[in-house]
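Have a look at the structure first, then read on.

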Amino acid sequence: MQEKTTVDGSLEQSEGGWTFDEQVAEEFDAHVRKSIPLYEQVQSQVVDLADWFLQSEGEEKVYDLGCATGTTIEQLVNRYGTEGPPSFIGIDIQAPMLDRARERIGDCSNVDFLQADVSSHMSFPGASMVISLFTMSFVREEDRRELVQQIYDDLEYGGAFVFAEKTRARSSQFQDIWNEEYWDFKASQGLTEEEIIGKAKTLRGQLRPLTVAEYEDILTDAGFDVDRDVDIFFKWFPWTGIVARKR
Ligand SMILES: C[S@@+](CC[C@H](N)C(=O)[O-])C[C@H]1O[C@@H](n2cnc3c(N)ncnc32)[C@H](O)[C@@H]1O
C-alpha cells in the first residue's frame, strides 16, 4: 500500500491513489474551491449556457457526468424548478459523493442520481445537454474518446456538450507558467507547499489532462464541427471550459 500524504488539513490520500472516497466526499465542497480557480464562476457560466440550449420543449434531459456532491444540479434546479421538464440526471461512480448529492437536492421529481462508470458504454437518451465538469481527466484517454462519441450520438440536434477540465499548455514554455500560476493560486487559498506537492503525488496516474488541441481532435472525430460549433467559454491558465454544439 502506497504511503499516505496530507492534501488539505486532515484530508489524506495515498500517493498515486486519489479516490473520491468517504473522507474526500466529506471535505469535497471546501476542498474543490481551494483546488479549482473560479470554481463558482464556472458553475454559474454553465447554468447560464443552459438557457441557450434548453428551450422548454418536450421532455428535455440534462446529464451531469461526474456530478460529485450535486453542486451543478442544485444550481440547475434553482434555475429551472423542481418538477420539470427539464429533468436532470446526475451520474457518478462513487457512492459517498452521490449520498451528499442526494442529501443536498432532497426530493425533486425531475432529478435522478445514478451510480455508474461513465466509461462503461453508457448512453444518454434524449440529451439536450451533457455537462461534465472536472471529470473527463479521470477517464482513460481511449475511454474518453468513446464517451465523447456516445455523447455526440445521443445529443439531440441543437443540444450541447459542455465540459471544463484541467488542460495542458500548447508548449512546454507555457506549461511551466501555467503550473506556477496554479501553485500560487493554491497557496493563496491557504494550502501549504507540502499539501500542494502531496496532492500532485496523489493524482499521479489518476489525472490525465490533454491539450485543448487534443480535445478538439476528439470532438472532431466524434462529429462536432470544431470551426463552427465548438468554442471556449472559460479559460484560466491550465483550466479550460469548452462548449460543443451538435448540428
Ligand atoms: C472533481 S469531481 C467533479 C466535480 C463536479 N462535477 C463539480 O462540478 O463539483 C470528479 C468526479 O468524477 C467522478 N468520476 C471519476 N471517474 C468517473 C467515472 N469513470 N464515472 C463516473 N464518475 C466518475 C468522481 O467520483 C468525482 O465525483
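Axes here are lines fitted to C-alpha atoms, for helices over the stretch in contact, and angles run from 0 to 180 degrees between N-to-C directions. Helices (H or I, at least four residues) and strands (E, at least two) are DSSP runs, numbered from the N terminus. This is a predicted model, where local features need pLDDT of at least 70 and side-chain atom pairs count only at pLDDT 80 or more, while totals for chains, interfaces and linings use all residues. Residues are numbered from 1 along each chain as its sequence is written, and side-chain values use heavy atoms, with hydrogens and water left out.

**Helix 1 against helix 4**

- The axes of helix 1 (residues 22-35) and helix 4 (residues 95-105) come within 8 Å, crossing at roughly 40 degrees.
- That makes helix 1 oblique to helix 4; angles under 35 degrees count as roughly parallel, over 145 as roughly antiparallel, 65 to 115 as roughly perpendicular and the rest as oblique.
- On the helix 1 side, Glu 22, Ala 25, Glu 26, Phe 28 and Asp 29 meet Pro 96, Met 97, Arg 100 and Arg 104 of helix 4, where contact means heavy atoms within 4.5 Å.
- This contact of helix 1 with helix 4 splits into four nonpolar, no polar and five charged residues. Ala, Val, Leu, Ile, Met, Phe, Trp, Tyr, Cys and Pro count as nonpolar, Asp, Glu, Lys and Arg as charged, and the others, Gly among them, as polar.

**Helix 2 against helix 3**

- Helix 2 (residues 39-53) packs on helix 3 (residues 71-80) at about 45 degrees, and their axes are 10 Å apart.
- These two, helix 2 and helix 3, are therefore oblique to each other, and their crossing is right-handed.
- Among the residues that meet are Tyr 39, Val 46 and Asp 48 in helix 2, and Thr 71, Leu 76 and Arg 79 in helix 3.
- By class, the contact of helix 2 with helix 3 has six nonpolar, five polar and three charged residues.

**Helix 5 against helix 8**

- Helix 5 (residues 141-154) and helix 8 (residues 212-222) pack at an angle of about 45 degrees, with 9 Å between their axes.
- Helix 5 and helix 8 are therefore oblique to each other, and helix 5 passes helix 8 in a right-handed crossing.
- The residues in contact include Arg 144, Val 148 and Tyr 152 from helix 5, and Tyr 215, Ile 218 and Asp 221 from helix 8.
- The tally for helix 5 with helix 8 is six nonpolar, one polar and four charged residues.

**Around the ligand**

- The ligand is surrounded by 18 residues, the closest being Tyr 39, Gly 66, Asp 92, Asp 117 and Leu 133 (a heavy atom within 4 Å is the cut-off).
- A side-chain N or O atom of Asp 92 is 2.6 Å from an oxygen atom of the ligand.

- Most residues other than glycine have a negative phi, and most peptide bonds are trans.
- Gly 84 and Pro 85 are joined by a cis peptide bond, with omega about -5 degrees.
- Pro 85 and Pro 86 are joined by a cis bond too, with omega about 0 degrees.
- Pro 85 sits in the loop between helix 3 and strand 4 (87-92), and Pro 86 is in the loop between helix 3 and strand 4 as well.
- Ala 68 is not a glycine, yet its phi is positive, at about 55 degrees; Ala 68 is in the loop between strand 3 (61-65) and helix 3.

Methods: A polar contact is a pair of N or O atoms within 3.5 Å; within protein, one must be able to donate a hydrogen and the other to accept it, and residues adjacent in sequence count only if both atoms are side-chain atoms. A crossing is left-handed if the near helix is turned anticlockwise from the far one by less than a right angle, and right-handed if clockwise.
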